[in-house]
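Have the coordinates open and try each task before reading on.

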Amino acid sequence: MRNAEVASLLNELADVMELLGEDRYRVASYRDAAMRIDHLGEAIEDVAREGRLDDIHGVGKSIAAKVSEYLSTGRIAALEERRSRVPAAALTLMKVPGIGPRRALLIARELGVKSIEDLEQALREGKVAQLPRVGTKVAAHILEELSRISSRSQRLPLGVAMSAAQEAVRELERSSAVLEITPAGSIRRMCETIGDKDILVSSTKPEAAIAAFTTMPLVKEVLASGETRASVLSHADLQIDLRVVPPESYGAALQYFTGSKEHNIKLRELAIRRGLKLNEYGVFREETRIAGQTEEDVYAALGLPWLPPEIREDTGEVELALQGQVPPLVGLADMRGDLHAHTNRTDGSSTAEQKARAAETAGYEYLAFTDHSRALGVTGGLTEEEFRKQHEEIRSLQPRFPRVRLLCGVEVDIHVDKRLDCSDDFLAACDVVVASIHSALEQPAEMQTARLIAAMENPNVDIIAHPTGRLLGKRPGYGLDLTALLDAAVRTGTAIEINAQPERLDLNADAVRAAVERGVMLVINTDAHHQSQLPLMRFGVATARRGWAPSDLVLNTRPLGELLRWLARKGQTGRSPA
DNA sequence: GCCGTTTTCGGCCCGACTGTTTTCAGTCG
Ligand SMILES: Nc1nc2c(ncn2[C@H]2C[C@H](O)[C@@H](COP(=O)(O)OP(=O)(O)OP(=O)(O)O)O2)c(=O)[nH]1
Ligand SMILES: [Mg+2]
Ligand SMILES: [Mg+2]
Ligand SMILES: [Zn+2]
């Protein structure tokens with residue numbers, strides 16, 4: 001997939017156009033197209049080859065032509081021509097918080113700054129503060145931002161950000177000025193990574209609420225503080241934004257502060273078409289507020305049903321809501337079990353019994369133990385003989401857990417030559433077989449796709465685990481033809497995992513959306529290495545919801561009996577003639 | 001540059017905070 005690469009070039013083109021003072025709506029069009037291509041869930045080169053670029057919302061004739069040009073020649077003439085007209089450093093400078101297009105151009109042009117190092121020197125020499133509409137305070141602020149630019153540009157996995165946000169929420173709740181309080185922004189939408197923590201508060205004493213916020217012990221620095229909002233930096237250099245509104249505006253502010261930006265713009269445009277105005281204080285007809293107390297009121301005033309935060313991305317949810325519909329989404333309460341977990345026999349850190357107990361407490365109907373096969377030497381992968389012994393032990397455990405069916409399985413490694421690490425006889429005897437790639441991650445995309453499809457064609461393989469191998473913040477995942485993988489999943493009747501580990505979330509939401517459109521059977525697994533990880537299920541469910549997955553496309557929402565029939569089904573069709 | 005249950009042309013979200021401002025530009029959410 002070259003989507004990220006294409007999106008990055010379109011974003012650069014937008015930046016250069018902005019520096020050149022071109023029409024802001026055109027600039028916005030390029031940014032919009034870049035965002036949509038980045039989240040397409042399908043390889044842009046496939047779309048281009050099939051002449052479907054124009055079908056992408058936000059991509060018209062002009063941008064389609066530039067994408068085609070890039071994919072066939074490796075260049076975009078319009079970008080190269082514009083690049084030659086702006087100082088190269090201006091593009092880098094724009095990435096520093098506090099430097100937008102105007103200041104970037106001034107600093108590059110007037111001061112001859114060519115790099116971040118030059119910028120730092122110019123700041124220290126007081127040259128930046130001499131520029132028009134830049135003073136000593138702005139210069140000092142930019143210098144501080146510069147010192148933490150690397151730590152600040154990191155996005156945190158949702159799992160980490162969420163608990164940190166809860167900490168701030170608990171702290172603020174102690175203030176009597178705080179009435180209602182909730183995390184908003186990308187945390188409420190359950191995005192896989194979080195750029196900052198956004199917290200919404202309602203209050204009739206906003207000054208007191210803001211004072212409580214800016215004086216929290218976890219605050220290292222106050223970035224901005226006004227009458228309705230404030231931003232601070234925590235000791236870990238994480239930004240926290242607080243928004244304070246009166247109670248009668250809480251619903252409208254929650255809608256605004258939850259986003260996404262694109263969803264907000266869509267709703268505000270809809271309001272305009274209805275002769276209304278939508279902002280964070282309410283829905284207004286002329287000067288009169290007609291909604292604002294609750295989110296439901298706000299959506300209703302626009303003629304829409306309430307929409308779950310996870311799907312507020314302007315990817316079709318508003319159009320659907322205009323017909324009075326909301327896509328049916330899987331929920332945490334639908335989950336009846338977990339089909340991927342490890343024990344301390346391999347790289348897990350607790351026993352099967354401890355996890356079975358936790359599954360029972362969680363109200364699960366089933367739990368599968370799927371330790372690593374032998375190829376994974378580093379994890380102490382088991383031989384078939386060792387697996388058989390483990391499976392016997394698990395079965396002997398079963399009578400003590402009458403409410404949870406303990407399934408005996410394996411996470412079998414897919415070798416680089418496409419062979420599975422276990423014999424067919426052994427796999428056929430397992431209740432659940434999860435297959436995945438852990439080695440030769442640098443192989444080309446065609447090779448990895450062929451490995452996965454070969455595994456799916458084995459009638460004993462029920463699930464492909466963490467299909468892309470990406471690790472958030474660590475590695476992008478091996479190359480893969482996602483469309484071919486999903487088609488093969490449908491053809492072979494194999495379920496595709498949404499791995500709920502916060503660093504994996506693999507498939508991601510965009511890929512889930514593509515899978516759902518094809519009717520692929522999904523399964524949400526925690527890959528728990530310790531029973532304390534069973535609650536990670538919520539992050540997998542959130543990813544499924546962000547991909548518009550309904551419960552009937554999630555295998556482990558099924559009752560035990562149906563699950564067992566589904567697991568038996570593939571082996572059957574594999575053995576009997578078509 | 002894109003788009004269309006009011007449009008194929010004429011719109012395109014709306015507001016807060018900061019600083020240097022002599023009335024508001026720049027940046028960010
Ligand atoms: N109407 C409107 N709302 C915006 C705009 N920018 C941001 N918002 C709203 C929606 C966002 O979800 C919310 C918080 O802004 P953030 O910049 O923190 O974005 P968000 O939390 O969605 O993503 P993040 O993970 O922080 O990058 O504020 C905008 O330009 N217009
Ligand atoms: Mg945010
Ligand atoms: Mg924010
Ligand atoms: Zn695993």
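Predicted model: local features only at pLDDT ≥ 70, side-chain atom pairs only at ≥ 80, totals over all residues.

**Exercise 1.** Find the protein donors of the magnesium ion (ligand 3) and work out their spacing along the chain.

*Solution.* 
- Step 1: Look for donor atoms around the ion. You get Asp196 (OD), Asp198 (OD) and Asp241 (OD), at 2.0 to 2.3 Å.
- Step 2: Read these donors along the chain, and the pattern comes out as D-x1-D-x42-D.
- Step 3: Check the surroundings. The magnesium ion (ligand 2) sits 3.5 Å from the magnesium ion (ligand 3), and Asp196 coordinates both.
- Step 4: Classify Asp198. Buried means under 20% relative accessible area, so Asp198, at 9%, counts as buried.

**Exercise 2.** Which residues hold the zinc ion (ligand 4) as protein donors, and why is the arrangement of its four donor atoms called irregular?

*Solution.* 
- Step 1: List the donors: His340 (NE2), His342 (NE2), Glu411 (OE) and Asp527 (OD), lying 2.1 to 2.3 Å from the zinc ion (ligand 4).
- Step 2: Take the angles that the four donor atoms subtend; they run from 79 to 158°.
- Step 3: The range of 79 to 158° makes the arrangement irregular.
- Step 4: Write the spacing in sequence, H-x1-H-x68-E-x115-D.

**Exercise 3.** Take the salt bridge between Asp46 and Arg49: is each partner buried or exposed?

*Solution.* 
- Step 1: Get the distance. The closest N and O atoms of Asp46 and Arg49 are 2.5 Å apart.
- Step 2: Locate the pair. Both residues lie in helix α3 (residues 44–49), three residues apart, or about one turn of the helix.
- Step 3: Check accessibility. Asp46 has a relative accessible area of 14% and is buried, whereas Arg49, at 60%, counts as exposed.

**Exercise 4.** How do Glu125 and Lys127 interact, and how accessible is each?

*Solution.* 
- Step 1: Their side chains meet in a salt bridge, 3.1 Å from N to O.
- Step 2: Glu125 is partly exposed at 44%, and Lys127 is partly exposed at 40%.
- Step 3: Elsewhere, salt bridges with shared partners join Asp32, Arg36, Lys266, Asp314 and Glu319 into one network.

Technical notes: Residues numbered from 1 in each chain as written. Chains lettered and ligands numbered in written order. Heavy atoms only, no water. Donors = N, O, S within 2.8 Å, 3.2 Å for Na, K, Ca; no water. Buried < 20%, exposed > 50% of the residue type's maximum accessible area, 1.4 Å probe, protein only. Tetrahedral: all angles 85-135°; square planar, octahedral: opposite > 155°, others 65-115°. Salt bridge = Lys/Arg side-chain N within 4 Å of Asp/Glu carboxyl O. Helix = DSSP H or I, 4+ residues; strand = E, 2+ residues; numbered from the N terminus.
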